[in-house]
Amino acid sequence: MTWIALTLAVLVLWFASLCKVFLESMSASKPAFLNDVAGATSRRRNVLVVIAHPDDESMFFAPVINYLTSRHHNVHILCMSTGNADGMGSVRKEELELASVVLKDGFGNVWNWDLLASIIDEETHTHSIDLIITFDNYGISGHCNHCDVHQGVRKLMHDALGGRHLEAWEIISPNIVRKYIGPVDIWLSIMFSLLDKDGLSHCLLNLDLRKSYAAMAQHSSQWVWFRKLFVTFSSCTYVSTLKKIA
């Protein structure tokens, strides 16, 4: 009986969390991220989402990208590799392009942080970028290249700003328990975000789950059973917490 009660409790909590996402998508109230002081939507920003591999944008950044595009910000995705560790780089490049369309309407190889910063800097000038979003220093999965991308952005922010107006935000990595409790984590993410009184972190719910699944499905070479499970049970599909990089 204990296991039955526990299972029912988990199912009820899971369902309630999905209802929260659905009701939030129907609500007129929106998160304060990129809003002005009065609460109105700010001017359109030119946002650069910096990722390491094709499919990162769908697995880890979907709530953020869906939020930004719903607010009509200009979103650019900079992918630092073709994901050619298994020899499928050209295929994965095409899949990234397909997934980006949906969202918008070698493990072990350490990357050079100076080179990453230089590439990101060039892209920010090319597209008049004024806001960057990337991984935090753990990179959600702990992948070394995710961490390298974070360090590349930090180096750019530290070394190359000068008088430019450029801000950067990172997606906070959930711990191993929160990472695999699916939509249930939205309650914890909201709570921790509300505890931040400085306005340096924001919790964004994924208001279009179908679009996230459709985007990940474009990565057909990677859309295998364990990634389907990841997208279903990972909290990264349902919520993202952004923190401003100093």
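1. In this predicted model, the largest nonpolar core has 26 residues, and those with the most contacts inside it are Phe33, Phe60, Phe61, Leu68, Ile133 and Leu242. The elements that give two or more residues to this core are β1, α3, β2, β3, β4 and α10 (225-233), and the largest share, four residues, comes from α3. As a general background to this point, nonpolar side chains tend to be buried together in soluble globular proteins.

2. Leaving aside residues up to four places away in sequence, Leu68 touches Phe33, Leu34, Val47, His73, Val75 and Ile133. A second, separate core of 18 residues includes Trp111, Leu116, Val153 and Met157.

3. How many of the nine residues of α3 are buried? Eight of them are, so the helix is largely enclosed by the rest of the structure; the buried residues are Ala62, Pro63, Val64, Ile65, Asn66, Tyr67, Leu68 and Thr69. Just after α3, His72 takes a positive phi of about 65 degrees, and this residue is found in the loop between α3 (62-70) and β2.

4. On one pairing, three bridges join β3 to strand β1 (residues 46-51), and the two run parallel; within it, Val47 stands opposite Leu131 of β3. On another pairing, β3 is joined by five bridges to strand β4 (residues 167-171), again in parallel, with Ile171 of β4 as the bridge partner of Phe135.

5. In which sense do β4 and strand β6 (residues 239-244) pair, parallel or antiparallel? The pairing is antiparallel and extends over three bridges, and the bridge partner of Glu170 in β6 is Lys243.

6. Ile140 lies in the loop between β3 and α6 (144-159), where its phi is near 65 degrees, a positive value in a residue other than glycine. Is this residue buried or exposed? With a relative accessible area of 2%, Ile140 is buried, as the cut-off for that term is under 20%.

7. Asn175 is found in the loop between β4 and α7 (176-179), and at 45% relative accessibility it counts as partly exposed. Although Asn175 and Ile140 are 35 residues apart in sequence, their C-alpha atoms are 8.5 Å apart in space. The side chain of Asn175 also reaches the backbone nitrogen of Arg178, at 2.8 Å.

8. In helix α8 (residues 185-195), Asp185, Ile186, Ser189 and Ser193 are buried; seen down the axis of α8, its buried residues fall within an arc of 100 degrees, so they line one face of the helix. The face of α8 turned away from this buried side carries the exposed residues Leu194 and Leu195.

9. In helix α9 (residues 209-217), the buried residues are Leu209, Ser212, Ala215 and Met216. Seen down the axis of α9, these buried residues fall within an arc of 120 degrees, so they too line one face of their helix.

How values were computed: Residues numbered from 1 in each chain as written. Predicted model: local features only at pLDDT ≥ 70, side-chain atom pairs only at ≥ 80, totals over all residues. Heavy atoms only, no water. Pairing = 2+ DSSP bridges. Buried < 20%, exposed > 50% of the residue type's maximum accessible area, 1.4 Å probe, protein only. Arc of directions from axis to C-beta. Polar contact = N/O pair within 3.5 Å; in protein donor to acceptor, adjacent residues only side chain to side chain. Core = buried A, V, L, I, M, F, W, Y, C linked by side-chain atoms within 4.5 Å. Contact = heavy atoms within 4.5 Å.
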